[in-house]
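Student: Please put the structure up, and then let us go through it by question and answer.

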Amino acid sequence: MGHKTWPRRQQLDSEFIVGIDLGTTNSALAYCDSAAALENARIEVATIPQVVNPNEVADRTLLPSFLYIPGDMDFPKGSLSLPWEAEPKFVIGELARKRGAESPGRLVASAKSWLSYAGANRTAPILPWQAPEEVSKLSPVEVSSQYLQYLRTVWDAHHAADGKGYALAEQDVFLTVPASFDEEARELTRRSAEQAGLQRVTLLEEPQAAFYAWLESQGDTWRKRVKVGDLVLVCDVGGGTTDFSLIAVSEENGDLSLKRVAVGEHILLGGDNMDLALARLLQQKLEVEGRHIDTYQLQGLWHQCRSAKEYLFEHAKSQKQDVTLLGKGRKLVGGTIKTELVREELNRILVEGFFPKVASGEMPARQRRIGFQELGLPYAADAAVTKHLARFLSQQVQNSPESANIRRGRNGLACPTHVLFNGGVMKAGMLRERLVEVLNSWLTEEGFEALGPQNVLDAPDLEHAVARGAAYYGRARRGQGVRIRSGASRTYYIGIESAMPAVPGMEAPLKALCVVAFGMEEGTEALIPDREFGLVVGEPAEFRFLSSTIRKQDRVGDLMENWGSEIEELSPLEVTLALEGQQGTVLPVRLESRVTEIGTLELWCASRDGANRWKLELNIREKSGQ
Amino acid sequence: MIGFSRRLSFAFRCFFSLLFEGTIPQDILRTLTNSDAEVVSIPSKAAPQAQKVAGDQLMPESADRAVQMLALLQRDGRLVDFLQEDVSSYPDGQLGAAVRSIHISCRQALERYMKLEPILSSEEDHPVTVPVGFDPAAIKLVGNVAGEPPIRGLLRHRGWRVAAVTLPSMPVGSGRAIVAPAEVEIP
């Protein structure tokens, strides 16, 4: 597995370095001008004009990741016009979110979660999920692409008016994805960026971006906050998803170096669940008093609960906050319903419900498997963030080649030395304290000292941290700043059918050949040894493609059998060998894998002499039986 | 002394009436002042003036803008619903709960679309000097009004001035007369 030089398109550095946080509930864009002396180049958060009410365009720094498909009956004519487009086909941003609450059938929300859900056909028009028939639907890839295209239009209106200047398509764009995204979801994200016309895109994991944002905020002093052997837990709880990563601090050539050593699963659990839980509680309270709350009022209650929650989190001394639902129609005062959110309830529902004190061995409840499960997003079955964290930290003990970099306790739990919080939910001091408290109980049990306030790294501006961090990363790639080394977040395999006599009704048993080892670093490649495949020139060949988040010990070239549920099948890889004058001949090829600098994974077939190479492409399609 | 709910309703109505028409509604003046004679004397001066303004300067555009402001306060704060409701029968507790909510949202709407600032920045009930050439529209002298400026006096009300209006673009066509659309839920 030596280093070779690969043919690479030479490009000049772009004028701007752009970081885009394509979030589940909110998106943001940050940038810095690379023409300024790089060290002084400030990272700015862009304002994103959007329709916030009919006839009203306002500047925001976040673009809610909501898309509403308006029909003729939705808005007065002309009331959606944007400075750059008189009659947009879709409403994107704040108004989409608001209007979607009134008319959910035409709203696309959480497109990003759909992008990572293999149970759905992600390139087919399936969103809005359960939309009325006359609505023309979009695929999860198209929706993500629409958000990016919106950001591109906003950028170009500002930086490249009249086709001159610095169009976003020509800038280096650093686009973030959850660390838990597998190769398929990353590939689909890349495609959506391509569809949006972005040509110079590099993917970056969100928890890493959050860590970069912290590095940016620290300047050079970060070296004083962490030391060799430290292990930073990045805990990112956003509006819709929860994502964990571990970053290890080690030494290289006498300087501190950072490496992302573990990523968690994709957990669909976030702030929206929490606000809804509070709204349901108040709904029950009101119903006990004999008040009926309809769906529309529940929406209002949801919104009010969010404000009341934020108030109570900010004002530690207040014991309760009023929640008022004004009457509908003209009976405003007469129909007003008043209740209150009491601190005890907030503690019980949010702190105890979502962040309970649990032992490190308590795993989240498994996903329900019901015969007629309604097809939709696989929301987390267990709402306890701390249990998901317990699973994450205990999973890291299993066979990781990075184990040397992971501090572990006497029971084998991965034991972080620092915590970095990210995501809107973690703005609440009480929740941060609770999470540290639970973590500390585990650390003590594992024989380590509890974390103090100096061990909690505080990233400023949680809402824009990921976008800022992405821009910082772009700058770091140009040599100005620290980079986190990271590699493949999973192990990948090619399926090989065993040569056995066919048995009717039984598939030939499948073996898995490891082609990418867990942790394989960016910018490196591997040759799969001792194995050649005979492919017919000019005919498409298909390889079954599998991955595992659990089997971290497998090395390239290892052949697995009987892996139980540890390995999952992804969409197949396809390749057609094209070779002048060789149509129909069988050509022996070897497989090579690469993890690219732009954060993607590539598999190549190479002829025996190495003179010809063909890239395998993921053929993402709906899987049967899901 | 009139009840809390009526006082509140009066306050809101006076605010908008002053903002858009430059007058205080007659019935409020009548209720607030004890003697009928005074009431008669004030509108007799104010009324023709207000009409004149309406005739000469209040272009259709600004009338639409007034409707728009009202529509925004209704959309975000349900203000029109509130003013149009007969609140006399509700207990103060019920009214208070609604008003708190309306107050917060109307205030936010006002902050969003209109930047208000006091005309004089000194503390109320502290002495101030009214300069030479002051604008009587901006500073109203009350009490023993005599002599020449600069005049010393006590600041009783700091006044309000609109520093900036940031209203969104106007709805087109019939939308301009709409304060709040009727809502129909399709089951």
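Student: At what angle do the axes of helix 7 and helix 9 of chain A cross?
Tutor: This is a predicted model, in which local features need pLDDT of at least 70 and side-chain atom pairs count only at pLDDT 80 or more, while totals for chains, interfaces and linings use all residues. Residues are numbered from 1 along each chain as its sequence is written, chains are lettered from A and ligands numbered from 1 in the order written, and side-chain values use heavy atoms, without hydrogens and water. Helices (H or I, at least four residues) and strands (E, at least two) are DSSP runs numbered from the N terminus; axes are lines fitted to C-alpha atoms, for helices over the stretch in contact, with angles from 0 to 180 degrees between N-to-C directions. The axes of helix 7 (residues 271-288) of chain A and helix 9 (residues 343-354) of chain A come within 10 Å, and they cross at roughly 140 degrees.

Student: Which term describes how helix 7 and helix 9 of chain A lie to each other?
Tutor: Angles under 35 degrees count as roughly parallel, over 145 as roughly antiparallel, 65 to 115 as roughly perpendicular and the rest as oblique. Helix 7 of chain A and helix 9 of chain A are therefore classed as oblique.

Student: How do the residues of the contact of helix 7 with helix 9 of chain A divide?
Tutor: Contact means heavy atoms within 4.5 Å. Among the residues making it are A:Met274, A:Leu278 and A:Lys285 of helix 7 of chain A, and A:Glu345, A:Ile349 and A:Phe354 of helix 9 of chain A. Ala, Val, Leu, Ile, Met, Phe, Trp, Tyr, Cys and Pro count as nonpolar, Asp, Glu, Lys and Arg as charged, and the others, Gly among them, as polar. The residues of this contact come to 9 nonpolar, 1 polar and 3 charged.

Student: How does the contact of helix 10 with helix 11 of chain A divide?
Tutor: Helix 10 (residues 385-395) of chain A and helix 11 (residues 429-445) of chain A have axes 11 Å apart and pack at about 40 degrees. Residues in the contact include A:Leu389 and A:Leu393 of helix 10 of chain A, with A:Leu435 and A:Trp442 of helix 11 of chain A. The division is 8 nonpolar, 1 polar and no charged.

Student: Which three residues supply 36% of the area that chain A buries against chain B?
Tutor: Buried area is the accessible area (1.4 Å probe) that two parts lose on being put together, summed over both. Chains A and B bury about 1,600 Å² between them, 50% of it on carbon and sulfur atoms. The three residues, supplying more than any other three, are A:Asn55, A:Leu332 and A:Val333.

Student: Where is A:Pro128 found?
Tutor: A cis peptide bond, with omega about 0 degrees, joins A:Leu127 and A:Pro128. Most peptide bonds are trans. A:Pro128 lies in the loop between helix 2 and helix 3 of chain A.
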